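Please look over the sequence and the model below before reading on.

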Amino acid sequence: MLDLRLYMLQRITALIMIPLVIGHIATMIYAIQGGLTAAEILGRTQGSVFWFLFYGSFVLAVSVHAAIGVRVVAHEWLGVVGSSLRVLTIVIALGLAALGLQATFAVTLA
Amino acid sequence: MSSQKAERQLKVSVWRGADAGQFETFEVPQHDSQTVLDIVSWIQHNADPTLSYRFACRVGMCGSCAMMVNDEPRWTCRTHVNKVARDGELKIGPLRNLPVVKDLATDMDPFFDKWTAAEAHHHPSADRHDLMAPVDMQSADRVAANTAIECINCAVCYAACDTVAGNPDYLGPAALQRAWTLIKDEKDSGREDILAAISGTGGCHNCHSIGSCTQYCPNELDPLSAIANLKRETVKNWWKRNA
Amino acid sequence: MKARAHPLWIAFVAHRVSGLALALFLPLHFWVLGMALRGAEGLDGVLTLTELPFVKVAEFGLVFLLALHAFGGLRLMALERLGWSSGQKTMAATSIALAIFVSGTFFLKAI
């Protein structure tokens with residue numbers, strides 16, 4: 001159900017996300033002080049190519065990583081197999097990527 | 001008789017039937033140094049001769065008497081009742097993750113079919129006219145594979161594995177560990193075939209490193225690390241081929 | 001199941017449950033941020049909810065799950081890539097401790 005190719009995708013996206021997760025958590029700890037406002041968030045991210053690339057790559061990596069992870073759980077715990085499993089994986093990956101890239105665009109370059 | 005200690009009785013639940021079935025309870029006299037296999041034999045000899053189970057050597061060498069004892073996979077011949085009985089009760093079932101033939105005997109075919117599917121058999125690199133390939137017992141590869149070759153196919157790791165339970169195609173710890181020893185064997189020429197066999201949909205990459213195989217192996221082998229080594233080997237191979 | 005619950009098994013369940021929870025949270029997370037497309041007001045409407053105590057606790061929970069999944073994943077990759085098979089139980093415990101520390105820091109800044 002996981003072959004070498006999917007395993008490589010899972011581990012490579014995990015490695016990519018290690019620095020991104022650390023950066024994201026550090027940003028959250030910094031940003032949460034004094035509460036969250038749209039103005040504060042957008043003031044930091046709007047027009048920033050850095051944050052667009054940071055969260056854009058984060059979104060792409062997490063879409064692949066989460067889709068493969070959910071695929072494994074759907075197979076092992078719910079018994080989903082064959083083409084349903086393939087479709088589920090692709091729908092999750094594309095759905096998360098679309099939603100995530102839209103959100104990234106909204107807070108950075110829009 | 002009155003001078004003797006009152007006989008202690010053990011309440012033993014034993015699986016009866018095939019995949020569909022139920023536990024049946026027996027009262028079995030308890031003794032010192034009694035093994036779980038002794039209990040099963042006592043029931044067959046004295047309570048119900050139709051009880052089916054499998055054993056051969058009784059000393060932890062043949063690997064045929066493994067069963068679930070209180071839901072944990074064990075060699076019954078090497079498990080003392082004193083260590084596992086709780087409040088005078090014991091539960092004995094057939095090995096997990098395998099079809100049940102009858103009572104405590106499982107159908108081992110899927111287990112051995114996966115050894116074959118993993119290419120976990122010798123691939124000759126020479127014929128009888130050739131000299132034997134020299135094996136350096138001190139080499140890092142040999143040392144790494146040395147412990148793993150002691151596996152006796154008892155399927156305790158296979159029964160312990162939660163990944164096999166959820167993913168029936170997964171080759172499982174025993175077959176993969178054997179594949180790992182062959183990759184490190186100078187006399188085996190099947191390296192590419194083995195790597196291909198263990199990289200498919202049921203291959204080593206399905207392992208979640210839960211480590212129940214290593215936790216429960218009665219020979220104290222470490223399939224968890226062997227499978228991690230296989231993953232590393234396949235990844236190295238992948239970069240080599242795609243770089 | 002309970003009979004076979006050894007430390008690395010518990011670490012496995014923690015990794016799987018945290019991963020699933022994060023995957024389920026992501027669409028909500030993206031949807032809220034996407035509101036910024038229609039101006040800051042919509043986003044602010046949702047962000048005021050983050051002042052509610054139970055939302056703060058939920059945020060703490062999410063940061064904890066994210067840190068747990070990341071540190072737990074590092075442990076697994078150390079086993080697979082570097083062969084660090086000894087000390088896995090200690091590393092699993094360490095990843096939980098680090099996750100508590102990181103999310104605790106977040107929570108103290110949030111309240």
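Of the 14 residues that line the second largest cavity, Cys161(B), Cys207(B), Ile210(B), Gly211(B) and Cys213(B) are the closest to its centre. Two or more residues each come to this lining from α6 (162-166), α9 (212-216) and α10 (223-242) of chain B, helices being DSSP runs of H or I of at least four residues, and strands runs of E of at least two, numbered from the N terminus. By class, the lining of the second largest cavity holds eight nonpolar residues, five polar and one charged, with Ala, Val, Leu, Ile, Met, Phe, Trp, Tyr, Cys and Pro counted as nonpolar, Asp, Glu, Lys and Arg as charged, and the others, Gly among them, as polar.

This is a predicted model, in which local features need pLDDT of at least 70 and side-chain atom pairs count only at pLDDT 80 or more, whereas totals for chains, interfaces and linings use all residues, and side-chain values use heavy atoms, with hydrogens and water left out. Residues are numbered from 1 along each chain as its sequence is written, while chains are lettered from A and ligands numbered from 1 in the order in which they are written.

The lining of the largest cavity has 13 nonpolar and three polar residues, but no charged ones.

Chain A consists, in its secondary structure, of four helices and zero strands, and its C-alpha atoms fill a box of roughly 45 × 25 × 25 Å along the principal axes. The second largest pocket, a pocket being an open set of grid points with protein on both sides within 12 Å along at least five of seven lines, has about 410 Å³ of space. Its lining comprises 20 residues, with Arg5(A), Leu6(A), Arg71(A), Arg86(A) and Thr89(A) nearest the centre, and α4(A) gives the most to that lining, with six residues.

Where chain C meets chain A, 31 residues of chain C are in contact (heavy atoms within 4.5 Å) with 36 residues of chain A. The area buried between them, that is, the accessible area (1.4 Å probe) that the two parts lose on being put together, summed over both, is about 2900 Å², and carbon and sulfur atoms give 80% of it. Arg16(C), Phe30(C) and Met77(C) supply 22% of the area that chain C buries against chain A, more than any other three residues. Arg16(C) also forms a salt bridge with Glu76(A), at 3.1 Å from N to O, and the count between chain C and chain A is two such bridges, each a side-chain nitrogen of Lys or Arg within 4 Å of a carboxyl oxygen of Asp or Glu.

Key. 1 Å grid on protein atoms, 1.4 Å probe; cavity = no way out; pocket = protein on both sides within 12 Å on 5 of 7 lines; lining within 4 Å. Points joined across faces, edges and corners; volume = space filled by probe spheres on them.
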